[in-house]
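Subject: Handover of a structure

Dear colleague,

Please find below the structure that I am handing over to you. I would be grateful if you could look through it alongside the notes that follow.

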Amino acid sequence: MSGTTALSPWLPTAPCTPGHCAAHPECAPRRSGAGPEQAGAVRAVVRLVAGLGTVLLGLLLAPPAGLLPAATRLTLVRYWMRAVIRAFGVHVRYEGAPAPAGGPLLVVANHVSWLDIPLIAAVLPGRTVAKSEVRRWPVLGTLAALGGTLFIDREGIMALPTTVRTMAGALAAGGRVVVFPEGSTWCGLERGRFRPAAFQAALDAGCAVQPVRLDYRPTDAAAYVGADPLGSSLWRVVSTRRLTAVVRLREPLPGARYPDRRALAAAAQRAVASDTANLPSLSVHQRSRSRSASASSARTPA
């Protein structure tokens, strides 16, 4: 989620700052007369209340929903996330098709905003990997915990192999895991390198990787970077007259066709960074199977 100043030399950092990347003076356009400005403020408040109310409603319904079959729960999550996005006033366009349901899948995407999570969950719900600080966020932290989020300590490199093994276990059990391999939020115009550690989980579980590209217009209204307070980001989102998100689902990458996690991470990054859905030919990679779990989980740090 929102990037912070690195406390450890291995942590990924982004040059994006709230003042440079998230200052959006047109969130509530000024017009002559007080009427339109007041109407814009009222609309923003309505969106904020509606969005938070939809989140809270889902939290209240989560315990009984937990008794339903897994497929039914995932369907409810998709509809719930779509309702949350609409309530906050975000327009969404999805392009491409997700990987077939019913099998394990590692979903990887570029990271711009807290909106990334509900946008992906609306089409590919799964267990999201997030920094441990998210657990302490009001409302959204509880939502993340109930959604089965895998919380990680970004400052503890020694815990990384355990995190990857946990991810691999969730995938091997047939689940879906969502991760943002850049390790921090970026402005959208600038992007970080995909760290390869998470891709080891896909190799160990023998599953495919679904690259997803997220774009926002205007980008600065959605960007949640640096020391940006969550409240300020929420207000920018609901105050923007027509915030649009485009979610591009790229062709899944069979992990078994790549020799190691670095090659798989590089292929996923190329797919996400590309302005088209065309991917490099997979015929270059002749590997017929992935490494076994014992081959490299213990050596995960990238």
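This is a predicted model: local features need pLDDT of at least 70, side-chain atom pairs count only at pLDDT 80 or more; totals for chains, interfaces and linings use all residues.

Residues are numbered from 1 along each chain as its sequence is written, and side-chain values use heavy atoms, with hydrogens and water left out.

Overall composition

The protein has eleven helices and eight strands; these are DSSP runs numbered from the N terminus, with helices (H or I) of at least four residues and strands (E) of at least two. Of its 302 residues, 48% are buried, where buried means under 20% relative accessible area, exposed means over 50% and partly exposed lies in between, with a 1.4 Å probe and protein chains only. The accessible surface comes to about 14000 Å², and carbon and sulfur atoms account for 60% of it; the areas come from the Shrake-Rupley method with a 1.4 Å probe, and for residues only the protein chains shown count as cover. Among contacts between residues at least 6 apart in sequence, 83% join residues at least 24 apart, a contact being heavy atoms within 4.5 Å.

Strand E5 and its partners

Strand E5 (residues 176-179) is covered on both faces: Arg176 and Val178 are buried on one side, as are Val177 and Val179 on the other. Strand E2 (residues 105-109) runs parallel to E5 and is joined to it by four bridges, with valine 108 opposite valine 179. Strand E3 (residues 127-131) also pairs with E5 in the parallel sense, over two bridges, and here arginine 127 stands opposite valine 177. Two strands are said to pair if DSSP finds at least two bridges between them.

Helices H7 and H10

The axes of helix H7 (residues 197-205) and helix H10 (residues 261-273) come within 8 Å and cross at roughly 110 degrees. H7 is therefore roughly perpendicular to H10. Axes here are lines fitted to C-alpha atoms, for helices over the stretch in contact, with angles from 0 to 180 degrees between N-to-C directions; angles under 35 degrees count as roughly parallel, over 145 as roughly antiparallel, 65 to 115 as roughly perpendicular and the rest as oblique.

In this contact, Ala197, Phe199, Gln200, Ala202 and Leu203 of H7 meet Arg261, Leu264, Ala265 and Ala268 of H10. H7 itself is mostly covered, as nine of its nine residues are buried. Glycine 206, which follows H7, has a positive phi near 65 degrees.

Helix H9 and the region before it

A cis peptide bond joins arginine 217 and proline 218, with omega about -5 degrees. Proline 218 lies in the loop between strand E6 (208-217) and helix H8 (219-222). Most peptide bonds, by contrast, are trans.

Tyrosine 224 is placed in the loop between H8 and H9 and counts as buried because its relative accessibility is 4%. Its C-alpha atom is separated by 9.9 Å from that of arginine 236, twelve residues apart along the chain.

Seven of the ten residues of H9 are buried, so this helix is largely enclosed by the rest of the structure. Serine 233 belongs to H9 (residues 230-239) and, at 0% relative accessibility, counts as buried. Leaving aside residues up to four places away in sequence, serine 233 touches Trp114, Ala223, Tyr224 and Asp228.

Yours sincerely
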